[in-house]
Amino acid sequence: MASRDIVTCFLLTAFLYSSFGQTLPKSEVQPQFLAALENHTVTQGRDVSFTCVVNHLQSYKVAWIKSDSRAILAIHTHMVAHNPRLSVTHNGHNTWKLHVSNVQPNDSGTYMCQVNTDPMKSQTGYMKVVIPPDIMDLDDSADLLTTKENNDLRLRCRATGTPKPVVTWRREDGGNITLRSELGVKRVYSFEGEQLHLVGIQRHEMGSYLCIASNGVPPTVSKRYRVNVLFKPLIKVTNQLVAAPTNSSVVLQCYVESSPRALNTWYKDNGVKLLADEKHNMSEITVNDYAYQLNLTIQHLSRSDFGSYVCSAENAYGKAEGTIRLQELHLSRTTVATIRNTEAAIEKQSWRKQIERKGKKYSYALGREDMDPTQRNVGSWTQTTPISKRNNSNSLPSVVLTKNSKVSSSSYPAPAPAPAHFAPTQLDAQSDATSPRYFRSAHQLRLTIVLFVALTSY
């Protein structure tokens, strides 16, 4: 080792005094740097190189020096520093490179490419070594943190890296973090700091919390902390009274909150524990980390199934029960009178039916009070005349067929049936001479005259 140090000192002395201090004639061209020495920001474990380009070097030498420690690393292509991760290459012309492999934090600093002229010429470049963040395992912290409800809980997360990482806390489910202090309660999406203090923790705060460390150097790292809050069971019954008919199926429901998860049981009102069988089906539906829903399905209800049912939940911290009353539902039957009333209401709403007969449109009058007075005889068939034709005609249309009367003549002027939207005043305004009652009176008068003449002749 001593002999190697002697060789190093000899080379250093040779570099400094072989040409150093000698002045070249003014006619000779001086060495010249063609490009500045670059700066590097490199991640730990990577490789990096500094490049130094010198023209007109002639008999001068190029040396690599770490400025902050004033250590000579290499002269020309010969390595001086005892570091296996350092090496120098020369392209045989004007370019020298200093290679640093598997970069470590202590490699950070200023590097100099120097030519031993008088005065000395040099240029410098800086290398910054950055380290991705890493989360340390603390002896006093665990991935699973458990406490009772209303107690305090402290989460700690320490990260290393260069530059110093920023530690942020978030809930894995995306919910808010509840921070309680003397000033009140504050809910935030994220919290920055190596320690997260949960004061008076509640059951809805249990879950997974993420410690996220980042410093701008990829990758960002995170660690999960599982927070478990312990409390006795709580049962909520939304429908305390349920009614169902016999021979049907019914589902009874109880909402349970418990941590740790409780032992759940269903009882009948007589204290008999129910077991899963063909008649009883029991299931649990998870709502969140500490809540779930208990379902009891009863098939083919009989009268013996009606009564009270109790859902029970018990864990190491307590017990809770909920009661549901199941009673029979009596369905009312629809009577014949109700059906007839319904049919009558339907018939009243559609009191005029349109039919087609022999290519002509007829309407069947049902004898309603709001009908044309000339059509109040139930069952009378009357030809319907369009409104447009009535308005354009000076004479009234003839009666075609009257069911209740045997009189059928086109010689008598017949009134046109009033449409449904005609006002009663329009109907009353018609002449009495054009009414069917007038037609019957005239016929009777003719018969009377004929009889009178016959008797007189006799």
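A disulfide here is a pair of cysteine sulfur atoms within 2.5 Å. By that rule, the count in this structure comes to 3 disulfides. This is a predicted model, in which local features need pLDDT of at least 70 and side-chain atom pairs count only at pLDDT 80 or more, while totals for chains, interfaces and linings use all residues. Residues are numbered from 1 along each chain as its sequence is written, and side-chain values use heavy atoms, with hydrogens and water left out.

Here are the bonds to look for:

| Cysteine pair | Sulfur atoms apart |
|---|---|
| Cys 52 and Cys 113 | 1.9 Å |
| Cys 157 and Cys 211 | 1.8 Å |
| Cys 254 and Cys 311 | 2.0 Å |

Let's visit each pair. The torsion about the S-S bond of Cys 52 and Cys 113 is about -75°, so this disulfide is left-handed. Cys 52 sits in strand S3 (residues 48–55) and Cys 113 in strand S9 (residues 109–115), so the pair ties together parts 61 residues apart in sequence. Strands are DSSP runs (E, at least two residues), numbered from the N terminus.

For Cys 157 and Cys 211, the torsion is about -65°, so that disulfide is left-handed. Cys 157 lies in the loop between strand S12 (153–156) and strand S13 (158–162), and Cys 211 in strand S19 (residues 207–214), so parts 54 residues apart in sequence are tied together. Cys 157 is buried (under 20% relative accessible area), with a value of 1%.

The link of Cys 254 and Cys 311 is left-handed, with -90° about the S-S bond. Both Cys 254 and Cys 311 are buried.

Numbering the bonded cysteines in sequence order gives the pairing 1-2, 3-4, 5-6.

How values were computed: Helix = DSSP H or I, 4+ residues; strand = E, 2+ residues; numbered from the N terminus. Buried < 20%, exposed > 50% of the residue type's maximum accessible area, 1.4 Å probe, protein only.
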